Amino acid sequence: MSVQFKHIMLMVEDVLSTANFYHQGLGLPIKVATTSWAELEASGTTIALHSSSERPFLTSSPVLSFHVADIYTTIEDLEAMGAKLEGQVRQPAFGKVASVRTPDGHLLSLLQPVDDEQLRELLRKDQNLHN
């Protein structure tokens with residue numbers, strides 16, 4: 001049997017609003033959008049939005065992870081569209097990280113990675129610790 005990964009599907013109450021949230025808030029291109037189904041392009045993966053009259057059980061919802069250029073601007077843009085920051089922006093060694101809840105209740109993970117020079121420095125320090 002041959003299996004092919006097709007897309008990640010999120011159940012949402014308002015497909016067009018949600019498609020707009022991902023398009024305007026994160027810049028994801030919309031491939032198709034109707035009132036019951038939408039598809040967004042996410043770096044080679046399709047995020048499909050399917051209408052549901054009942055709010056989905058979100059504790060088992062996937063976490064969608066995105067790298068962003070400016071985490072604070074992205075959070076501000078998403079909050080203006082109804083998203084909510086969960087906790088605070090954290091700063092581990094590899095960059096700035098935040099969790100954001102979408103208006104539909106799905107969880108986004110945002111990472112503003114350190115630049116290449118900072119990453120090389122972190123790797124050098126890590127190697128020195130293990131030598």
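**The salt bridges**

Guide: A search of the whole structure finds two salt bridges. A salt bridge here is a side-chain nitrogen of Lys or Arg within 4 Å of a carboxyl oxygen of Asp or Glu. This is a predicted model: local features need pLDDT of at least 70, side-chain atom pairs count only at pLDDT 80 or more, and totals for chains, interfaces and linings use all residues. Residues are numbered from 1 along each chain as its sequence is written, and side-chain values use heavy atoms, with hydrogens and water left out.

Take Glu41 and Lys31. They form a salt bridge, with the closest N and O atoms 3.9 Å apart. The pair links distant parts of the chain: Glu41 sits in strand S3 (residues 37–42), Lys31 in strand S2 (residues 30–33), ten residues apart. Strands (E, at least two residues) are DSSP runs, numbered from the N terminus. Glu41 is partly exposed, at 26% relative accessible area. Lys31 is partly exposed too, at 44%. Buried means under 20% relative accessible area, exposed over 50%, and partly exposed in between (1.4 Å probe, protein chains only).

Now Arg101 and Glu86. Their side chains meet in a salt bridge at 3.0 Å, N to O. Arg101 lies in strand S7 (residues 95–101) and Glu86 in strand S6 (residues 84–90), so this pair ties together parts that are 15 residues apart in sequence. Arg101 has 25% relative accessibility and counts as partly exposed. Glu86, at 34%, also counts as partly exposed.

Terms used: Helix = DSSP H or I, 4+ residues; strand = E, 2+ residues; numbered from the N terminus.
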